[in-house]
Amino acid sequence: MSLVDTASKYEAIQAFDRIPIVDLEGLSSTSPQVRSELAHQVRDACVNVGFLYVKNHGIPEDYIQNALDAMKRFFALSLENKMKVHFKTTPNYKGYSPLLSGNNDPNNRGDLQEGFEFGWEEFNVRTDDEKRANDGVMAGVNVWPPDLPEFREAVLNYYHAAVKLGKSLFPLFALALDLPETFFDDKTKNSAAIMRTLHYPPQTGPVDDRIIGIGAHTDWECFTILWQEPEIQALQVLNRDKQWINAPPIPGTLVINLGDQFARWTNDVFKSTVHRAINRSGVRRYSIPLFFGTDYDVRLEPISTCVSSERPPKYEVVKAGDYIRTKLEATYGH
Ligand SMILES: O=C(O)CCC(=O)C(=O)O
Ligand SMILES: [Fe+2]
C-alpha cells in the first residue's frame, strides 16, 4: 500500500489506544530484509500514533544512571546558584529555566518544571569551531553550572550516545517514507540536537488545571528521544478521539515521538502528536528529552512520497531553523 493510502487508512479507522513497542535489535543489520521489516514497524507507528517505545536502543544503562545522578544534584542546588546559568544570560536559550518560566500551552499559566538545556559539544571544545557559531538557534555556545564540575561530563556522555542513536534512526525513517536511506544525510549534518534535563516537582493538593508539569503541546523538531524516570506515570498522549492515553515508563525502553518538522515535511503522513506531563505521583520526577532537528537552512518542502491529488500540500514551506526560533520565542521569550 502506498504511503499516502496507509495514512488515509489509519486516519479513517479507530483512534489508537496504545503506543507500540519496536525492537531496534535489527538497526545495526546490513540485511535489506531486516531493515525493511524494521522500517515497516516504524512506519506503522509514525503514521498511526506518532509515538513509539524502542527497546535494544544501545544506550548503556550506566550513562543514564550517571546523567540522572548529576541532574538530581544540579536541581538540588539553591535557586541563586542555578540562576548563575539562567537561559536569559545566554544567546540561544541554553542553560537553566526555572519553574514556570516556560509555557508550552498558550491556554495555561506556565509549566511546572525546571530545566537545563544544552546542544552539541565535543568533550574537548574547540574555540575555533565556526560551525557551531554559525548555526543559529540550533547550536550556539553552551553554559555549564560552575559549582558542579562533574555535571557536564555526565550529561554529555548520555547526550553523545543519544545523538548516535538519533543519527542511526534517520535512515530508518527514510526507508519508512519510501525514500533512499541516505535521504536525510545532507540535511542533518550539524547535529541540530538539543537536550533538556527536566525536573518536575510533585503536584499535590488541589490542582490548578492551567498549571501542569508541561502543558499540551507538540514537539517542534523531527523527533524526540525521551528518557523518563522509571515507575512514575506522568506522560500522556492525545489520540484522534481526544482521549489522553498514558505513556508510562517501560523498563529498558526509550520513547520516540515525532515533531512538527517531520509532520510538515511529510504533509502530516508522519504525526506530530499532542502530549503533556502531569506529576501527581507525590515524589519528584526527572526526564530527559533530546530534540532532534534538521540543519538550520533546510526548507521543509513536502516530500514527494507524501503528496497526491487526494492529499495536496497542507503547510506553507518554511526554513526548519526559522520554525524553531519562532517557537522558542513564543514559549520562553516573555
Ligand atoms: O517529561 C516528559 O515526559 C515530556 C517532556 C516533553 O514533552 C517535552 O519536553 O517536550
Ligand atoms: Fe514534548
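Okay, one cut-off before anything else: I call a residue buried if 20 or more other C-beta atoms lie within 10 Å of its own, exposed if 12 or fewer, and partly exposed in between. Keep that in your heads, and keep in mind too that this is a predicted model.

Most residues other than glycine have a negative phi. Leu-100 isn't a glycine, yet its phi is positive, near 65 degrees. You'll find Leu-100 in the loop between strand S3 (95-97) and strand S4 (114-118). So is Leu-100 buried, partly exposed or exposed? Leu-100 has 14 C-beta neighbours inside 10 Å, so by that cut-off it counts as partly exposed.

The other one is Lys-242, again not a glycine, with a positive phi of about 65 degrees. Lys-242 sits in the loop between strand S8 (235-238) and strand S9 (244-246). Here there are 8 C-beta neighbours inside 10 Å, so Lys-242 counts as exposed.

We've got eight helices and twelve strands. The radius of gyration is 19 Å, close to the 20 Å that the globule rule gives for 334 residues, so the chain is as compact as a globular protein of that length. If you want a box, the C-alpha atoms fill roughly 55 × 50 × 40 Å along the principal axes. Buried residues make up 46% of the 334. And if you take the contacts with a separation of 6 or more, 78% of them are between residues 24 or more positions apart.

Now the sheet. Eight strands make an open sheet with mixed pairing, and the order is S1-S2-S10-S7-S12-S5-S4-S3. The edges are strand S1 (21-23) and S3, each of which pairs on one side only. On average, neighbouring strands here are turned by 25 degrees against each other, ignoring direction. Helix H3 (residues 61-75) packs on this sheet and touches S4, S5, S7 and S12, and its direction makes about 115 degrees with that of S12.

Let me stay with S10 for a moment. Strand S2 (residues 51-55) runs antiparallel to strand S10 (residues 253-258), and five bridges join them. In that pair, Lys-55 stands opposite Thr-253 of S10. S7 is also antiparallel to S10, through four bridges, and there Phe-223 faces Leu-258 of S10. How many of the six residues of S10 are buried? Five are, so S10 is largely enclosed by the rest of the structure.

Last stop, the ligand. What's around ligand 1? The shell is Arg-196, Leu-198, Ile-214, Asp-219, Leu-226, Gln-228, Ala-234, Leu-235, His-275, Ala-277, Ser-287 and Pro-289. By type, that's seven nonpolar, three polar and two charged.

Definitions and conventions: Residues numbered from 1 in each chain as written. Chains lettered and ligands numbered in written order. Predicted model: local features only at pLDDT ≥ 70, side-chain atom pairs only at ≥ 80, totals over all residues. Helix = DSSP H or I, 4+ residues; strand = E, 2+ residues; numbered from the N terminus. Near = placed C-beta within 6 Å. Nonpolar A, V, L, I, M, F, W, Y, C, P; charged D, E, K, R; others polar. Rg over C-alpha atoms; globule rule 2.2 N^0.38 Å. Contact = placed C-beta atoms within 7 Å. Pairing = 2+ DSSP bridges. Axes fitted to C-alpha atoms, helices over the stretch in contact; angles between N-to-C directions.
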